Amino acid sequence: MKKALKLVLTACLCTTLMAGCSNNGGNEQSTDAGNAGGNTGGAKVKLTAIISKHPLTKPLAEMEWLQKAEDAAGVDIEWQEITADWGQKKGTMLASGDTPDLFVGPNVITDADFAQFQGLFQDLTGLLDQAPNVQEMFASKPETKIIATQPDGKIYGLPKYQRFWPASATRQYINQTWLDNLGLAMPTTWDELYDVLVAFKEKDANGNGDLNDEIPMDWPGGIGGFFNPAVLLGGLGITLSDGSGQGYFVEDGKVKNFLTDERYEKMVIFLNKLYKAGLINPEVFTHDYSKFQSVARGEGDKAKVGFTWGWVASDRFGEQLAPQYTSMSPLKESAGFSGKLSWSYDFSTLNYGVNQIVMSAKTKNKEAAMRFINELYKQEVSMQVLFGSLGTNIKDNGDGSYSVLPPADSKMDPGTWKWTSTWADNGPMYIADSLNLTLGKDMQEVLVQSEPLKDALSVDTEKDVFPGMFIKYTTADNNAMSLSNTNVMNLANTNFAKWVTKGGVEAQWDEYVKQSKKAGLDQNIEIMQKYYDDYVSKK
Amino acid sequence: MGSRTILGTFKRDIQLWIMIFPAIAVIFVFNYIPMYGIQLAFRDFDFSKGLTGGEWRGLFYFKQFIESFLFTDLLTNTFLISFTTIIVGFPAPIILALVLNQIQRKKMKQLMQTTVYLPHFISIIVLVGMLNVLLSPETGIVGYLMKSIGFGDINLLASTSTFIPVNIISDIWQHCGWNSIIYLAALSTVDPQLYDSAKMDGASRWQTIRYIDFPALVPTIVILFILSMGNILSTGFEKIFLMQNSLNLPVSEVIATYVYKIGIVSNQFSYASAIGLFNTVINFIFLFAMNAISKKASNTSLF
Amino acid sequence: MGGTRLNGSEILFKLILFVMCALIFLSIVYPLYFIVIASISDSTLVSTGKVFFIPKNISMFGYNQIFQDDRIWTGYRNTVFYTFAGTLVNLLITLPAAYVLSRREFRARRFIMFAFVITMFFNGGLIPTYLLMKDLHFTNSMWMFILPFCVNVFYLIIARTFFESSLPSELYEAAAIDGCSHFGFFIKVALPLSKALISVVGLYYLVGHWNDFFTGLIYIRDNQLQPLQIVLRDILLSNQVFQNGAGTGGDAGGYAQKYADQIKYGVIIVSTLPILVLYPFLQKYFEKGVMIGSVKG
């Protein structure tokens, strides 16, 4: 009896296994569903697509402009919306060849992927004649064509150009109210900054009676990249490119890395001096971004942070405290410095984007897919990709000009509103220089607060900026550089944190430079110089 | 009776074979069939030719890893973190189980049991977030406590010497309760008559623990210890990655985080596979050795 | 009879026991309590350490965000199904196998155990596994959560150890004399005696299913099939996006930031509550005295 029960159970299991095997189910994503061949007179072509979107972005079905764009192109797209872990999903998706027709997102498929997964993606050069809007973009902004073209001349991913963003992501802020409270002048050199920060610390700058709650200086905790102290190197004449997160920059046509440059050593000595005097947030290397931002919002109308870097005051300090801060010009390293001051030139990385939309080579109806792509690059549509639908997010002024409307939800700031409403910076788009669009409050603030940096940012983009966005490396070089950079950054971050908090940079500098060489830094510079010279000669 | 070979006893044991068949089938299909992928550590990944078609590179990627700039640091850090976690973390659930088992009031025992296993369910992202808030020297409660006992100028999150202790203690805090469940279950099978007779013989509580409770746990302890040796170079990725910062990087950069970082910019599948295989081979050797030692010493072993 | 000596050391023992339990209890309860109050407090205050014992600036924004996401309810439904069906399959396959491996007369036991343990270390990698699942048509189907990897070798070993050490050999011999087969013995004798084991292994598998997000992440595309953890992870990561910072491109600023942490803490509560409810039911199987009466007579 019991034996029978056991056998029955085993039988059930086997049946289950077999049922599982044959369960195709209507659940499977049918990448080859869709009308084979062309349109059957008015019926929409079905396409599948994946979008890697910002977590705040609302469901695509609620975006009016998208529905209209799909209608205009005669397509009906089944979207899969991914907000996290795209990197992990991408690997198995590509390796198994299980791909949708279109991919959308910021660098959704990288150049390295194109090189590795040959044959998976559609070369768009042959289809460009069906995309006049894209051709228009290539013609007016030749940089976009450079970004899109692989070393072998093929085009697999289309870029974006969003035009309005400033020349730098990082703005430097100081609490004007504190300066006024203490009767101090705006600092213009590193030493003057030191004196001002000391005053902030010792004299109860925010006037609340507590002498110890001011944090004179704060930043996220890195060296380069946005909002980190490497921008101080502008005070020694170094022009960073795209934040120079890994230290690379160009000077007089030569590729260099500031991590082994003596001017960087000077900056580290300065930061250590500040740290020793208690002028830097003791948690600078341990706080997470969440805490970093929270601290800057102070308490009520009492600010906590005196000097820092950020995107725009309202984001960095919150609406209530933002008016207390002034955006600054770069600081000279010393009063005697006679060179030209500089900053981080980020125009390219802020306004251009690579591989924002990619087509699969297995798409059954390539013309339809290209039609949709072309529609996205239409002036009016691109604008809505970036800021949201006409009517709710953008107003048509009737005279050929447009204005970005304030958020419909009054509790939201314009940045969040933009990201919630639409694809924003993650989508493919072309915003022509000729478009007449009045920006929203946040963007206007960014531009106004960028004014003090104008002189520093008038650089020679040919000779002083590394064109990171426009250079394509071979797979072998890319792999080698990435391994070396991992080593170099490990060394750099460790030592930077150590030297700023404990000092010792002068004694350990030579050994550090030697180690960096061993880590592969010089080889990387050589490789990059080669590509840079090549790029310059082709212009 | 009958031959002593596997085949000989097959007929006699046919029922046993039927009972184990589903498990064998499952493991074979889902674990062994994909194993051909291991060759990716020895071959380039050539998409157009499939996983098995790339160029054969032999030990090239292993060599690349061993000769790489960070190799010694990675190996040392990984080993230190896993090893200390095992050594300190292994006894903790055992002690906890012994302690909880001694609680005589049923309600209190149940309350303690339920409480201690709760932290296990907290996701890593939240745990590290909590650590950052609570351990912050300026604003966290643990920070306050540290200041009040005089250790105010140690930043728990910021130094190379505190990284491993913080890591281990938070690990124990999170998983000790959950891991003690298996020991508690083993203790629950002890015949209560043993306790009664021990009491009548005048044994103290300590003696009860030493001579009744602990021996009941020994088989489980041995097996679990052998298995934990198989994790000698496994640190897990997510927690360490989230807890890394520039100040603890010299001790917190481990193999798992390194593989992640090289993968961000480039698709170096073969290199990553080779590193992974290197890692697991070392783990396996340790396990095997531990198993052999245990077989000799106590006759309990895994295989 | 022991008398005063016993009382002295007994009291000391009880005292130490009590103190240890109290410390353990507090060190666990406080952070958990902190999570609860943090999930309803203003996150700026939480980050800057202003929240200790009482929630401040209470707002249910975090929970609103979590529960108004429709996917949560689908997620709950799916997870409950996958967990129960999955655990059932797990136990059905694992327990008999563990029993077999505990029988000393089973000649192949060393070899099979070795072959199983190998799979704990060596695996072919994600891509070959994905391709296999695709060929078996498991990808993007609910079976993915139930069948593949349904035998966890670690739990199998635990079960085997348990059978080996708590089923005395006299028991089987006695039953065999009465004409009982392995099947019979297993179902009629071994299982009823192994309630503690079944509870433990069952609980481990159950929680494994409940917390699993990797399967859904890699193998499933259809949102209707996703379990709770995927939905929560999405929500969680969405709000962690500020972790790696930077407000490039007018990145979402203050508004979302303010409530990001609330969601983070709220997520744990939503995810853990059901399990919390379940455990007390299983606890009774850990009570003493499971083996009474089996050896005697």
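Helix 4 of chain C and helix 10 of chain C are oblique to each other, a class for angles that are not under 35 degrees (roughly parallel), over 145 (roughly antiparallel) or 65 to 115 (roughly perpendicular). This is a predicted model, in which local features need pLDDT of at least 70, side-chain atom pairs count only at pLDDT 80 or more, and totals for chains, interfaces and linings use all residues. Residues are numbered from 1 along each chain as its sequence is written, while chains are lettered from A and ligands numbered from 1 in the order in which they are written.

The axes of helix 4 (residues 71-102) and helix 10 (residues 195-211) of chain C come within 9 Å and cross at roughly 140 degrees. Axes are lines fitted to C-alpha atoms, for helices over the stretch in contact, and angles run from 0 to 180 degrees between N-to-C directions. Helices (H or I, at least four residues) and strands (E, at least two) are DSSP runs, numbered from the N terminus.

## Where chain C meets chain B

Contact joins 79 residues of chain C to 69 residues of chain B (C-beta atoms, placed from the backbone, within 7 Å). Helix 1 (residues 3-38) of chain C gives the largest share of chain C's side, 13 residues.

## A sheet in chain A

Five strands of chain A form an open sheet in the order 2-1-3-13-4, with mixed pairing. Pairing takes at least two DSSP bridges between two strands. Strand 2 (75-82) and strand 4 (157-161) of chain A stand at the edges, each with a single partner strand, so one side of each lacks a neighbour in the sheet.

Strand 4 of chain A runs antiparallel to strand 13 (residues 352-359) of chain A, joined by four bridges. Leu158(A) stands opposite Ile357(A) in strand 13 of chain A.

How values were computed:
Two residues are in contact if their C-beta atoms, placed from the backbone, lie within 7 Å.
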